Each structure stands twice: as C-alpha cells, then as structure tokens.
Amino acid sequence: LHITEIEAYPFPVTIDYKEPPRRFSRVLKEPVIINPPDSLHSFLQLSGHSLHMPSATRAFVNEQEMTSFNYGSLLTDSSHVSISEKEGVSKDEVKVCMVFLCTEGSGYNTNADYLQEVKNNIEALSVNVFSVMDMPIIIFYAWSPAFVDTNKQSFWSRFPYLNIQFADVSRHFPPTLPQHLIDNKVNMSLFEKGTDCAPGNNWKLNYLHMGRFWSTKLWLEPILKDYDYIWRLDADATVDQPISHNFFREMWIKKKQFAYWHRTGDPAECASGLDAAIHKFAEEKGMKPKHREMVDEASTYWGGFGVYSTAFFCSNPDWLEYTEYLDSLGGFYNHRWGEQNVFPVSLSYFLDFKEIYW
C-alpha cells in the first residue's frame, strides 16, 4: 500500500494506490474536497474504480493536472434556487438519466459478477444521490438478451423504488472489427499487431468497441432523447458521500455542456493521429478552435465519469458529423482512442472554455 498526500491549490487530495486481485490494473481512491475551503458545502468522492493501467510507466501528467476538477461550483447554495426563479431560465425541471454499460471482456470473471458490481453501485447511489436527485437508470448491455432477461427482475425486485431500464447495444459490439472498416479497407495492421498505445498489452476487442461506443455511438441511442443531461458512471465508480442537492440545476443555469471528474494524461500514442484528424475536419468545415491552447494531445478526462448535455452531444449536427468521421478512421482500434482522450482536444474546437470549465 502506497499513500501519497498532495497539496495543490485549491483542492487537497489523498491518493491511495493498491493492486487489486481482480485484474492487472490499479485502484484509485480519491477523497476529494471539490470546493475551496471558503465555500465548502459538501464533498463528493469517487472510490473503488479500477483504472486500466497498461504500462508501469504511466503516470498522471503532474500534480496540477491531477487536481484540475471542473466541479468547483456545483455544490453551492445557489443550486437550491428553482430554475424558474433565475433570470432568463424558464425550464422548471432538468431531466437527467444515469447510464451504465455492461459488456463481455470487461475484466470481470463472469457477467454475473459485473451485474453484482452494478447492483452494489446502485445501492450506494440510492443512499447518497437518489434521495436528492430523482433520475432513471439506463443499463446499456452487449450481452445475450436471454441472459439480461433472466436478470432484469433481480434489479426491479431489489430496487422497486427506482426506474431501471435496459437497452441492447450489441450492434456496436460485433465479434469482429466493425463492418464499415472492413468494407472501406481501413489499414488495421496496427490493430492486428496490437495497438501502438502500450503495444505489449493484449487489448480485448470489446474494450476497444467500448471506447468507440462512449465517443461516437452513445449519442445515437433514441432512449436518451427526452433527457437534458446524461450522467455516465462505470460499474465500479460510485458516489459514496451524500450529495446535498441537485447540481444539474446549477449546470443548466450556467449553461454547461460537459462535466468531468478530473483531468489526467495517457501515453501520447493513445491519441496518435487524433489531433490531426480534428484539425483536418475543422479546416474542411471552416471551424476555428475555441480553447485549443488549454489542452494538449495527451490530455484526458478520466473516463469512468462524465456528464453530457444532450442539447450538444445528441443534437449538434456538426458534432454528430465529426464523431461519424472519427469512427471512419479506425483510430479506436489502431491507437486505442477512447472518450477519455477524444473529448479534451475535440471539445476544444466545439465548445467555449466557459461551457466546460468552472
């Protein structure tokens, strides 16, 4: 067990690393005070998430990057004010859904273990989140429908007070490379040898499918169309401290389009070609970067947590065209692109700095 204390303005952070027996990765536990001391009202803690650490040399960019949270204003008393009382805001309710993704090859011993992890997570969320924020839970799955059907009832009986839905996304998790990459004869030589992002790692195909799904396919799911925000959590990333009020109202009031847990870094090879791809797309569309100088190509937003505005991610035609363009390049399989490194550079062309950062 190795514990490191880091003091970096304005957030005190405690990092606890250990090697879990479940898989070769590291667990990052972060008791994080997300408000500066002079405006502290509550704190949020994510714990128990197994970060995939393909290389022993991987490290966070630096201590400042590790503490670059954009949740500094979410838990303030202003969130208790009704949206309708805010000037220029007429919406009475902010509709939010929480989403999980369950797939094969995820690192769990069995699919039943995976579902148990989700249930344990929901148990903690019921205590610390759902008592304040009422939202449905959508479990996307790429499993046999028969297996899911036999397990749905166990969720509904255990959590009768929650609206839990299931959506099949197996079409995005084929047993081979996506057909459009095969049809277009995209060069998959790097994938066949192992991606150039930690090439010694034997990436499972479904893990690469997952990065593609969270980056390009989630926005197309019709079940999300009636919500204002999507809150994504990994099965083993939970909120284990009480949240005092509905912070999505604060996001709506401040017109925030995206929220992340913290900014870190991946090996540069994991984003190989990504900066050039967005630059080419932007040039062809006549787009100018909006805060590109604030991020570098190796920047990542930790992938186990994200909040997405459907007004942008699911409805902006340029963004949807861009994600389709990214999907056509094969980088999710050649380079292990994923949402954690797609978002920082990509969103710097689409969103103003103030639409993300607090």
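Tutor: Buried residues make up 56% of the 358 residues in the chain. Buried means under 20% relative accessible area, exposed over 50% and partly exposed in between, with a 1.4 Å probe and protein chains only.

Student: What kind of model is this, and how are residues numbered?
Tutor: This is a predicted model, where local features need pLDDT of at least 70 and side-chain atom pairs count only at pLDDT 80 or more, while totals for chains, interfaces and linings use all residues. Residues are numbered from 1 along each chain as its sequence is written, and side-chain values use heavy atoms, with hydrogens and water left out.

Student: Why is Thr264 called buried?
Tutor: Thr264 has 2% relative accessibility, so Thr264 counts as buried. You'll find Thr264 in strand E11 (residues 263–265).

Student: How many helices and strands does the chain have?
Tutor: Twelve helices and 13 strands. Both are DSSP runs numbered from the N terminus: helices are H or I with at least four residues, strands are E with at least two.

Student: What makes E7 and E10 edge strands?
Tutor: Start with the open sheet of six strands, in the order E7-E6-E5-E8-E13-E10 with mixed pairing. Two strands pair if DSSP finds at least two bridges between them. Strand E7 (164–168) and strand E10 (258–260) each have a single partner strand, so one side of each is left without a neighbour in the sheet.

Student: How do you know that E5 pairs with E8?
Tutor: Strand E5 (residues 96–103) and strand E8 (residues 229–233) share four bridges, in the parallel sense. Val96 has Tyr229 in E8 as its bridge partner, and Cys97 stands opposite Ile230 in E8. E5 is also joined to E6, by six bridges, and those two run parallel.

Student: What makes E5 "mostly covered"?
Tutor: Eight of its eight residues are buried. Val96, Met98, Phe100 and Cys102 point one way from E5, and Cys97, Val99, Leu101 and Thr103 point the other way. In a regular strand, side chains alternate between the two faces of the sheet.

Student: How do you know that the length of H2 agrees with what a helix should span?
Tutor: The expected span is 1.5 Å times one less than the number of residues. The 18 residues of H2 should therefore span 26 Å, and its end C-alpha atoms are 26 Å apart, which agrees. The buried residues of H2 include Tyr114, Leu115, Val118 and Ile122; among the elements covering the buried residues of H2 are E5, E6 and helix H3 (145–158).

Student: Why are H6 and H10 called roughly antiparallel?
Tutor: Helix H6 (residues 205–217) and helix H10 (residues 317–329) pack at about 155°, with axes 9 Å apart. Axes are lines fitted to C-alpha atoms, for helices over the stretch in contact, and angles run from 0 to 180 degrees between N-to-C directions. Under 35 degrees counts as roughly parallel, over 145 as roughly antiparallel, 65 to 115 as roughly perpendicular, and the rest as oblique. H6 and H10 are therefore roughly antiparallel to each other.

Student: Which residues make that contact?
Tutor: Contact means heavy atoms within 4.5 Å. Arg212, Ser215, Thr216 and Lys217 of H6 and Trp319, Thr323 and Asp327 of H10 make the contact.
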